Amino acid sequence: MRFRMERKTIGILGGMGPAATVELFRRIVSQTPAQRDQDHLRVLIDNRPQIPDRGSFILGDGPDPRPMLIASARTLERMGADLIAIPCNTAHVFLADLQRSVRIPIIDMIAETAEVIRERVVGLLGTDTTIQTGLYHRACAQRGIDVITPEPSDQALVMKTIFRIKAGDFSLREEMRLIGKRLCRQGAEALIIGCTELSLVLGARDFKVPVYDALEILAKAALREAWLPAECVEPSSCAS
């Protein structure tokens with residue numbers, strides 16, 4: 001049985017931050033079942049680090065990032081993207097606005113992550129804004145999942161770590177591991193890595209409980225949506 005594969009073009013709305021954008025592309029490439037260059041998917045990347053800080057705007061102290069986010073989404077659509085992936089959790093606060101601005105689908109990283117969680121209580125490692133806007137709380141509540149977050153002092157260290165990663169400093173991995181373990185002692189049966197910068201330093205190897213890495217889940221969702229089996233080349237064989 002042989003299938004002709006329908007391949008779609010992935011658009012990455014990136015720059016938030018650049019290292020996370022590179023990592024999403026790397027994971028898409030590494031997980032593609034390719035034997036040669038030509039087997040890989042077409043991926044378009046619009047890396048716009050100049051997009052205003054999402055958290056500052058949401059918390060009332062910064063310019064609106066939506067015009068530049070929308071411009072990036074439309075650029076990817078014009079370039080030929082069939083779908084868009086956004087490697088930034090906090091940017092998903094504006095997902096509805098972005099989706100209205102283009103005709104192609106935008107993958108909802110938050111919903112994709114909540115969909116695969118099987119535990120009843122999960123700890124969240126993410127930005128202040130991701131926590132305060134309830135992105136994961138709402139998505140998980142729809143599936144009967146409770147979300148717990150770090151204590152204020154731990155959350156301050158999470159934010160410090162995120163900004164240091166953005167600046168190229170990856171030295172606080174052990175501190176993040178300890179915060180995750182404290183969430184588990186508070187009752188978390190699993191952990192969400194809900195910031196794409198934290199995805200650069202943490203993974204399943206760091207904890208004894210299941211880990212749901214939103215960036216990894218986004219990469220898998222992009223591949224799922226972009227690489228689909230189409231019609232069978234040999235109908236008689238398919239019928240059998």
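Glu 174 is partly exposed, with a relative accessible area of 38%. The side chain of Glu 174 forms a salt bridge with that of Arg 177, at 3.2 Å from N to O. Both residues belong to helix 9 (residues 173-185) and sit three residues apart, about one turn of the helix. The model is predicted.

**Salt bridges**

- The count of salt bridges comes to 20.
- One of them pairs the side chains of Arg 66 and Asp 64, with an N to O distance of 2.9 Å.
- Arg 66 has a relative accessible area of 28% and is partly exposed; Asp 64 is also partly exposed, at 28% relative accessibility.
- Another salt bridge runs between Arg 103 and Glu 77, whose closest N and O atoms are 3.9 Å apart.
- This pair links distant parts of the chain, 26 residues apart: Arg 103 is in the loop between helix 4 and helix 5 (109-116), and Glu 77 is in helix 3.
- Arg 103 counts as exposed because its relative accessibility is 76%, over the 50% cut-off.
- Glu 77 counts as buried because its relative accessible area is 16%, under the 20% cut-off.

**Helix 3**

- Helix 3 (residues 66-79) contains 14 residues and spans 20 Å from its first C-alpha to its last, close to the 20 Å expected at 1.5 Å a residue.
- Its buried residues are Leu 69, Ile 70, Ser 72, Ala 73, Thr 75, Leu 76 and Glu 77.
- The cover over the buried residues of helix 3 includes strand 2 (10-14), strand 3, strand 4 (83-85) and helix 4 (95-101).

**Aromatic pair**

- The count of aromatic pairs comes to one.
- Phe 57 and Phe 94 form this tilted pair, with 6.1 Å centre to centre and 45° between the planes.
- The pair links distant parts of the chain, 37 residues apart: Phe 57 lies in helix 2 (residues 54-58), and Phe 94 lies in the loop between strand 4 and helix 4.
- Phe 57 is partly exposed at 23% relative accessibility, whereas Phe 94 is buried at 5%.

**Nonpolar surface patch**

- Phe 25, Val 29 and Ile 45 make a nonpolar surface patch of about 200 Å².
- Ile 45 is part of strand 3 (residues 43-47).
- The relative accessible area of Ile 45 is 35%, and the residue is partly exposed.

How values were computed:
Residues are numbered from 1 along each chain as its sequence is written. This is a predicted model: local features need pLDDT of at least 70, side-chain atom pairs count only at pLDDT 80 or more; totals for chains, interfaces and linings use all residues. Side-chain values use heavy atoms; hydrogens and water are left out. Patches are made of residues with over 30% relative accessible area and no salt bridge: like charges are joined within 9 Å, nonpolar side chains (Val, Leu, Ile, Met, Phe, Trp, Tyr) within 5 Å. Accessible areas come from the Shrake-Rupley method with a 1.4 Å probe; for residues, only the protein chains shown count as cover. A salt bridge is a side-chain nitrogen of Lys or Arg within 4 Å of a carboxyl oxygen of Asp or Glu. Helices (H or I, at least four residues) and strands (E, at least two) are DSSP runs, numbered from the N terminus. Buried means under 20% relative accessible area, exposed over 50%, partly exposed in between (1.4 Å probe, protein chains only). The expected span of a helix is 1.5 Å times one less than its number of residues. Contact means heavy atoms within 4.5 Å. Rings of Phe, Tyr and Trp (its six-membered ring) pair if their centres lie within 6.5 Å; planes under 30 degrees apart count as stacked, over 60 as edge-to-face and the rest as tilted.
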